[in-house]
Amino acid sequence: MLARDRTQAGRTMRLLLPLLLHVGALGSDHIRGPEEVSGMERSSLTVWCHYDPNWETYRKWWCRGAARDSCKILVQTTESEWKMRKGRVSIVDSQRSHVFIVTMEELRPDDADVYWCGIARTGVDFAFPVKVTIRSAFATITTATTTTITTTVFTAPVTPEGTTGSPTVSSHHFVDRPLLSNVRFLLLVFLEVPLFLAMLGAVLWVNRPQSSGGRPSQPAHEAR
């Protein structure tokens, strides 16, 4: 008896499977959206769900849950193009553009789930699944900080020639060049500059103009 029931159930599923696939394909043909969207924690994300013409006046909804038949409708439109809001989720239907827009605000880590863009109609509603993932803001900041520290701390190892052993990380390279520059600047100030000034003074002293307080002497041929 049990085996007969299982056989009958298997036959029923084989008969219903093409119908279920047809219904799923029918929904995806009439409504489309992104397969996956991602948002930052404490920020917002927007999902655009496109639908075919002739469905403008039908109600649109946004549903949460992996199974479409048992998902929870979070927000839905009216027959007009008014923006409807419920909690942190809002929806608006742009009937002229054949698209309805869903916005989720103040995202939380537990908002990550499977959602559905849907059109309410007689019989089975049209629906398209959208996977929503939430990125952690703290993890992003930590990654950026770690990358910055790594690039500024590690330097090439320097070991004396002929020695053995494991190389060590040294940071003295960041000090040597500024120190040498300071020493050279001091030598320039205290040695080269006074020497240059002394040489310049000697040249000016040698080339100074000659002057005499008395009358210039006449040449010998004029005295005769």
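This talk describes the sheet, the cores, the salt bridges and one surface patch of the structure shown above.

Good morning. The structure is a predicted model, in which local features need pLDDT of at least 70 and side-chain atom pairs count only at pLDDT 80 or more, while totals for chains, interfaces and linings use all residues. Residues are numbered from 1 along each chain as its sequence is written, and side-chain values use heavy atoms, with hydrogens and water left out.

I begin with the sheet. Strands here are DSSP runs of E with at least two residues, and helices are runs of H or I with at least four residues, numbered from the N terminus. Two strands are said to pair if DSSP finds at least two bridges between them.

Strand 3 (residues 45-51) pairs with strand 8 (residues 99-104) in the antiparallel sense, over 6 bridges. Cys 49 has Phe 100 of strand 8 as its bridge partner, and Thr 46 has Thr 103. Strand 7 and strand 8 also pair in the antiparallel sense over 6 bridges. In the hairpin of these two strands, with 4 residues between them, His 98 takes a positive phi near 60°.

Is strand 8 mostly covered or mostly exposed? By our terms, buried means under 20% relative accessible area, exposed means over 50%, and partly exposed lies in between, using a 1.4 Å probe and protein chains only. Strand 8 is mostly covered, as 6 of its 6 residues are buried. Val 99, Ile 101 and Thr 103 lie on one side, Phe 100, Val 102 and Met 104 on the other, and both faces are covered.

The bridge partner of Ser 90 in strand 8 is Thr 103. Ser 90 counts as buried because its relative accessibility is 2%. Contact means heavy atoms within 4.5 Å; leaving aside residues up to four places away in sequence, Ser 90 touches several residues, including Val 75, Met 84 and Ile 101.

I turn to the interior. In soluble globular proteins, nonpolar side chains tend to be buried together. A nonpolar core is a set of buried Ala, Val, Leu, Ile, Met, Phe, Trp, Tyr and Cys residues joined through side-chain atoms within 4.5 Å. The largest such core has 24 residues, and those with the most contacts inside it are Val 47, Trp 62, Phe 100, Cys 117 and Val 130. Strand 10 gives the most to this core, with 5 residues. Another core, of 5 residues, lies apart from it, with Trp 61 and Trp 116 among its members.

Now the charged pairs. A salt bridge is a side-chain nitrogen of Lys or Arg within 4 Å of a carboxyl oxygen of Asp or Glu, and the count comes to 6. One of them joins Arg 32 and Asp 52 at 3.1 Å, N to O. Arg 32 lies in strand 1 and Asp 52 in the loop between strand 3 and strand 4 (60-64), so this pair ties together parts that are 20 residues apart in sequence.

Asp 93 forms another salt bridge, with Lys 60, the closest N and O atoms being 2.8 Å apart. Asp 93 is in strand 7 and Lys 60 in strand 4, 33 residues apart. Are these two buried or exposed? Asp 93 counts as buried, at 0% relative accessibility, and Lys 60 counts as buried, at 0%.

Finally, the surface. Phe 196, Leu 197, Leu 200 and Leu 204 form a nonpolar patch with about 420 Å² of accessible area together. Patches are made of residues with over 30% relative accessible area and no salt bridge, with like charges joined within 9 Å and nonpolar side chains (Val, Leu, Ile, Met, Phe, Trp, Tyr) within 5 Å. Accessible areas come from the Shrake-Rupley method with a 1.4 Å probe; for residues, only the protein chains shown count as cover. Leu 200 is in helix 3 (residues 173-206), and counts as partly exposed because its relative accessibility is 39%.
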